[in-house]
Amino acid sequence: MDIGSDRQLFLDDTLVDRMEGLALRQHEPALREVALRLHRPWEGEVSWCPVVLKDDGRYRMWYRSETAGEPKHSFTAYAESTDGIEWHRPNLGIAQFNGSTDNNICIDNPDVKNTAVFRDERPGVPEDERYKAVGRWTRGKPSRIYGLCSLDGIHWAPAQEDPLIIAPDNDPQFDS
């Protein structure tokens with residue numbers, strides 16, 4: 001198998017010719033500090049799919065929050081940090097929650113789940129499309145993946161009207 005000179009992640013022995021005196025070993029995770037306590041009313045009790053980027057000397061986090069109880073409503077919320085340990089939730093003033101925009105919600109769409117944000121560093125990318133995100137829309141079947149664009153990672157607009165990907169019939173939810 002020709003893998004060239006690229007680095008490889010060894011999860012099994014697929015790319016290993018022989019292992020004499022060696023063993024694959026997974027290190028035990030170490031319990032550390034809590035990075036972000038979910039205690040705001042729009043955050044609910046659980047968060048999924050956080051994305052953390054180091055950007056212009058700070059750490060930026062986008063994470064899914066979901067209200068507790070029924071009916072559930074999902075948001076993409078935003079936090080930032082200078083050290084990756086202490087996180088601040090800026091008041092973005094974008095989305096209403098319980099009649100107030102005093103929150104850190106940057107994407108408010110009840111149909112979007114699991115938004116993944118990234119920064120597009122390719123030459124020639126328009127500045128207002130520097131940040132991009134993909135999200136799974138769940139209204140209707142099958143699920144669809146849509147794209148979003150942003151100048152600042154806070155204010156988002158659809159990348160295009162049509163979905164980027166439509167789920168196949170054998171996995172209509174894009175489950176994992």
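The chain has nine strands and zero helices, so that, read from the N terminus on, its elements follow the order β-β-β-β-β-β-β-β-β. The model described here is a predicted one.

**Overall dimensions and surface**

Along its principal axes, the C-alpha trace of the chain spans about 65 × 40 × 40 Å. Of the 176 residues in the chain, 34% are buried, and the chain exposes about 12,000 Å², with carbon and sulfur atoms supplying 50% of that area. Among the contacts with a separation of 6 or more, 35% come from residues 24 or more positions apart.

**The nonpolar cores**

The largest nonpolar core holds 15 residues, and the members that touch the most others are Trp62, Tyr78, Cys106, Ile107, Val117, Leu148 and Trp156. Two or more residues of this core are given by each of the strands E4 (105-107), E5 (112-119), E6 (131-137) and E7 (144-150), and E6 gives the most, with three residues. When its neighbours within four places in sequence are left aside, Trp62 is in contact with residues including Cys49, Pro50, Tyr78, Cys106, Val117, Tyr131 and Trp156. Another core lies apart from the largest one and consists of six residues, among them Leu36, Met61, Ala77 and Ala79.

**The cysteines**

| Cysteine | Closest cysteine sulfur | Sulfur distance |
|---|---|---|
| Cys106 | Cys49 | 14 Å |
| Cys149 | Cys106 | 14 Å |

A disulfide would need the two sulfur atoms to be within 2.5 Å. The sulfur of Cys106 is too far for a bond because the closest cysteine sulfur, in Cys49, is 14 Å away; for Cys149 the closest cysteine sulfur is in Cys106, at 14 Å, which is likewise too far for a bond. Cys106 has a relative accessibility of 5% and therefore counts as buried, and Cys149, at 11% relative accessibility, also counts as buried.

**A residue in a loop**

Lys141 lies in the loop between E6 and E7. Is this residue, Lys141, buried or exposed? Because its relative accessibility is 62%, Lys141 counts as exposed. Its C-alpha atom is separated by 10.0 Å from that of Pro168, although Lys141 and Pro168 are 27 residues apart along the chain.

Technical notes. Residues numbered from 1 in each chain as written. Predicted model: local features only at pLDDT ≥ 70, side-chain atom pairs only at ≥ 80, totals over all residues. Heavy atoms only, no water. Core = buried A, V, L, I, M, F, W, Y, C linked by side-chain atoms within 4.5 Å. Buried < 20%, exposed > 50% of the residue type's maximum accessible area, 1.4 Å probe, protein only. Helix = DSSP H or I, 4+ residues; strand = E, 2+ residues; numbered from the N terminus. Contact = heavy atoms within 4.5 Å. Areas by Shrake-Rupley, 256 points an atom, 1.4 Å probe, with all protein chains shown as cover.
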